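Have it open while you read.

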Amino acid sequence: MLCYYKRFILVFIICHITVAFGHDHLLEGIYCGKENCYEVLGVTREATKNEIGKSYRQLARKVHPDLHRGEEAKKEAEEKFKQIATAYEILRDDEARSDYDYMLDNPQEYYAHYYRYYRRRMAPKVDVRIVLAVTITIISIIQYYSAWSKYDTAIKYFMTVPKYRNRAMDMAKTEIKDSQGKGRNKKTKAEQKEEQDRIIRRVIEENMDIKGAYAKPEIKDILWIQLILLPYTVSYYIYWYLRWLWNFTILKKPYGDEEKLYLIRKNMQLGQHQFDALEDDEKQSFLDEELWIKENFVIWKEIKDVEAKKALAENNKYKQYRRYIKSHGVGRMTFDDS
């Protein structure tokens with residue numbers, strides 16, 4: 001028992017000696033190396049930022065390389081100046097100073113100190129808010145120009161469809177005739193074609209309401225504006241939901257056309273843009289068939305599914321496909337498919 005007690009005392013003393021020695025043990029390659037940053041600046045660990053800054057400025061003026069002559073003196077001053085600057089860079093930053101103090105108090109955690117030091121040194125210095133703002137801006141720009149590209153594609157397509165092109169030409173017949181010019185001012189065929197297309201495009205844009213994903217882009221649809229309007233959007237949705245709950249769930253008021261179309265869209269599981277792209281006549285037919293009522297919609301959906309299957313069965317290409325599957329089976333590969 002006495003031998004065990006003596007061993008315990010010996011281990012306890014060795015641990016205390018190690019810790020006491022460890023407090024003065026500084027690591028090479030990180031912070032101020034083997035030098036104590038506080039001692040380099042001539043301040044204590046309790047020194048304030050102002051005291052650290054004042055000491056740094058005084059020492060920097062004394063050891064600045066430009067104040068020394070001779071190659072050796074200048075070189076020595078440069079090393080001393082770098083050391084002072086490094087110490088100041090560490091101690092002026094609250095987080096770096098906290099990590100350094102932790103190293104002084106816990107010298108035995110070698111790997112942890114290297115990790116904490118290099119994690120801070122290698123971490124990006126850019127403000128996360130700036131990165132986020134730039135990212136949102138880039139997404140907004142891409143979103144806006146992508147919408148314009150889709151809209152331009154839609155307009156060009158309608159310009160090639162005879163029904164819309166002829167209607168636009170009838171509406172702008174006088175303008176097209178005047179644009180061709182007369183006499184010496186008469187334009188070439190290429191110029192006339194270009195001017196005619198420009199007029200047709202303008203007429204189509206002014207008189208045709210393109211909806212859905214190919215609608216004319218608006219600035220309010222980009223991500224930046226949507227984020228700015230988010231509080232209003234959330235507030236409006238809460239107001240709309242409470243209003244619906246009060247009027248149609250509690251008071252049992254009859255639905256208006258707007259509410260009916262909303263329920264129809266929900267029954268069809270369509271997004272707002274998809275539903276807006278439908279023709280007004282088609283929406284009116286939904287109202288006439290009272291599809292906002294779930295039972296009516298289920299019956300209507302079954303009828304449409306049957307009609308779609310019937311139309312598909314009468315399709316020649318689908319018949320050929322069915323014959324192929326019947327002859328060869330699903331997933332089979334043969335050499336006589338031709």
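1. Is Gln196 buried or exposed? Gln196 counts as buried, at 17% relative accessibility; buried is under 20% relative accessible area, exposed over 50% and partly exposed in between, with a 1.4 Å probe and protein chains only. Gln196 sits in helix H10, residues 189–207. Leaving out residues up to four places away in sequence, Gln196 touches Arg165, Met169 and Ile176, where contact means heavy atoms within 4.5 Å.

2. Some ground rules. This is a predicted model, in which local features need pLDDT of at least 70, side-chain atom pairs count only at pLDDT 80 or more, and totals for chains, interfaces and linings use all residues. Residues are numbered from 1 along each chain as its sequence is written, and side-chain values use heavy atoms, with hydrogens and water left out. Helices (H or I, at least four residues) and strands (E, at least two) are DSSP runs, numbered from the N terminus.

3. Helix H3 is worth a look. H3 covers residues 49–63, so to speak a run of 15 residues, and reaches 21 Å from its first C-alpha to its last, close to the 21 Å expected at 1.5 Å a residue; the expected span is 1.5 Å times one less than the number of residues. Its buried residues are Ile52, Gly53, Ser55, Tyr56, Ala60 and Val63. Seen down the axis of H3, these fall within an arc of 165°, so they line one face of the helix; the arc is that of the directions from the helix axis to the C-beta atoms.

4. What covers that buried side of H3? The cover includes helix H2 (37–41), helix H4 (71–92) and helix H5 (94–105). On the face of H3 turned away from its buried side you will find the exposed residues Asn50, Lys54, Arg61 and Lys62.

5. Going on from H3, Asp66 lies in the loop between H3 and H4. Asp66 counts as exposed, with 61% relative accessibility. The C-alpha atoms of Asp66 and Glu78 are separated by 9.1 Å, with the two residues twelve apart along the chain.

6. Now for backbone angles. Most residues other than glycine have a negative phi. Tyr31 has a positive phi of about 55° although it is not a glycine, and Lys252 has a positive phi of about 60°, again without being a glycine. Tyr31 is in the loop between helix H1 (2–22) and H2 and is buried, at 9% relative accessible area. Lys252 is in the loop between helix H12 (230–250) and H13 and counts as exposed, at 62% relative accessibility.

7. How do H13 and H15 cross? The axes of helix H13 (residues 257–268) and helix H15 (residues 280–288) come within 10 Å and cross at roughly 95°. Axes here are lines fitted to C-alpha atoms, for helices over the stretch in contact, and angles run from 0 to 180 degrees between N-to-C directions. H13 and H15 are therefore roughly perpendicular to each other, a label for 65 to 115 degrees. H13 makes the contact with Asp257, Lys260, Leu261, Ile264 and Met268, and H15 with Lys283, Phe286 and Leu287.

8. Last, Ala277 is in the loop between helix H14 (272–276) and H15. Ala277 is partly exposed, at 40% relative accessible area. Ala277 and Ala215 are 62 residues apart in sequence and 8.7 Å apart in space, C-alpha to C-alpha.

How values were computed:
Parallel < 35°, antiparallel > 145°, perpendicular 65-115°, else oblique.
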